[in-house]
Amino acid sequence: MLTGKVALVTGASRGIGKEIAMTLAAQGAVVIVNYNGSKEAACEVVSQIEQNGGSAEAIQCNVANFGESEAFVKQVLEKYKKVDILVNNAGVTRDNLIMRMSEQDYDTVLDTNLKGAFHMIKHLSRSFLKQRSGKIINISSVSGVLGNAGQANYSASKAGLIGLTKSVAREFAVRGINVNAVAPGFIDTDMTKELSQDAKKELSSMIPIGKMGTAKDVADLVLFLAGEGSDYITGQVICVDGGMCI
């Protein structure tokens, strides 16, 4: 149970982030549902959490912006006094072959997926270190482990998250703060629902288990890493991928 804990989930208005927010709230955490542009969707997540007896608040912030994310963290700490669990989930894609990829598309993905996580960890670091406890969970991807054609920017950002995870884990371990990464594979979300049945079949054939995962598969692992059962686990990258990275 996470009763009395405050969790901040970035990019929590839909997909994996939404499922993580709802899962943590169901276990008693007060959840900050961060969003950038999808206010209506974020408020719907809060509404669902509250209908299920949980507590949550939606707060807008573009985590890719240093000053905006600093003000966001200050706002959260002023109201809630602490953050026990930080889930860096915010992410975007701008897929293209590298010969056609623009500098802007490369920078946009790196700024949100990697730099955004850096901003959140940096701005919350003093609070985490002072309370000598905390769980930081970075949502990476199998694309960051294996690479993926047409995703040089996305794969670089997710690989960078792995390096960030391991470095910060070494810095924070002595203060009782655990830092881990979760690397989802092909997950059935709103984006994958748009794929044709043939495309889904082809994707499933690449997965040893033979099917795509669900957002709940990812959220359940995040829940474990956010709880006391993971106190002796830090600096790890755990794939939720049906065996793709074997």
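In which hand, left or right, does H4 pass H6? The crossing of H4 past H6 is right-handed. The legends below describe close-up views of a predicted model.

**View A. Packing of helices H4 and H6.** The axes of H4 and H6 come within 8 Å and cross at roughly 15°. Because angles under 35 degrees count as roughly parallel, H4 and H6 are roughly parallel to each other. H4 passes H6 in a right-handed manner. Helix H4 covers residues 103-131, and helix H6 covers residues 152-172.

**View B. Ile162 in helix H6.** Ile162 is a residue of helix H6 (residues 152-172). Is Ile162 buried or exposed? Its relative accessibility is 12%, so Ile162 counts as buried; the cut-off for that class is under 20%. Asn138 lies 24 residues from Ile162 along the chain, and the C-alpha atoms of the two are separated by 8.1 Å.

**View C. Packing of helices H1 and H2.** Helix H1 spans residues 15-26 and helix H2 spans residues 39-51; their axes come within 10 Å and cross at roughly 25°. H1 is therefore roughly parallel to H2. The crossing of H1 and H2 is right-handed. As with the pair in View A, two values are given, since two packed helices are described by the angle between their axes and the distance between the axes.

**View D. Salt bridge between Asp231 and Lys135.** The closest N and O atoms of Asp231 and Lys135 are 2.6 Å apart, and the two residues form a salt bridge. Asp231 is partly exposed, at a relative accessible area of 45%. Lys135, in contrast, has a relative accessible area of 7% and is buried.

View E. Lys216 and Asp220 form a salt bridge in which the closest N and O atoms are 2.8 Å apart. Why are these two residues separated by about one helical turn? They are four residues apart in helix H9, which means a separation of about one turn. Lys216 is partly exposed, with 46% relative accessibility. Asp220 is also partly exposed, with a relative accessible area of 32%.

**View F. Salt bridge between Lys82 and Asp84.** The side chains of Lys82 and Asp84 meet in a salt bridge, with an N to O distance of 3.2 Å. Lys82 is partly exposed, at 27% relative accessible area, whereas Asp84 is buried, at 7% relative accessibility. The salt bridge count for the model comes to four, including the Lys82 and Asp84 pair.

**View G. Nonpolar surface patch at Leu97, Ile98 and Met99.** Which residues form a nonpolar patch on the surface? Leu97, Ile98 and Met99 do, and together they have about 380 Å² of accessible area. Met99 is located in the loop between strand E4 (85-88) and helix H4 (103-131). The relative accessible area of Met99 is 73%, so this residue is classed as exposed; the cut-off for exposed is over 50%.

How values were computed: Residues are numbered from 1 along each chain as its sequence is written. This is a predicted model: local features need pLDDT of at least 70, side-chain atom pairs count only at pLDDT 80 or more; totals for chains, interfaces and linings use all residues. Side-chain values use heavy atoms; hydrogens and water are left out. Patches are made of residues with over 30% relative accessible area and no salt bridge: like charges are joined within 9 Å, nonpolar side chains (Val, Leu, Ile, Met, Phe, Trp, Tyr) within 5 Å. Accessible areas come from the Shrake-Rupley method with a 1.4 Å probe; for residues, only the protein chains shown count as cover. Buried means under 20% relative accessible area, exposed over 50%, partly exposed in between (1.4 Å probe, protein chains only). Axes are lines fitted to C-alpha atoms, for helices over the stretch in contact, and angles run from 0 to 180 degrees between N-to-C directions. Angles under 35 degrees count as roughly parallel, over 145 as roughly antiparallel, 65 to 115 as roughly perpendicular and the rest as oblique. A crossing is left-handed if the near helix is turned anticlockwise from the far one by less than a right angle, and right-handed if clockwise.
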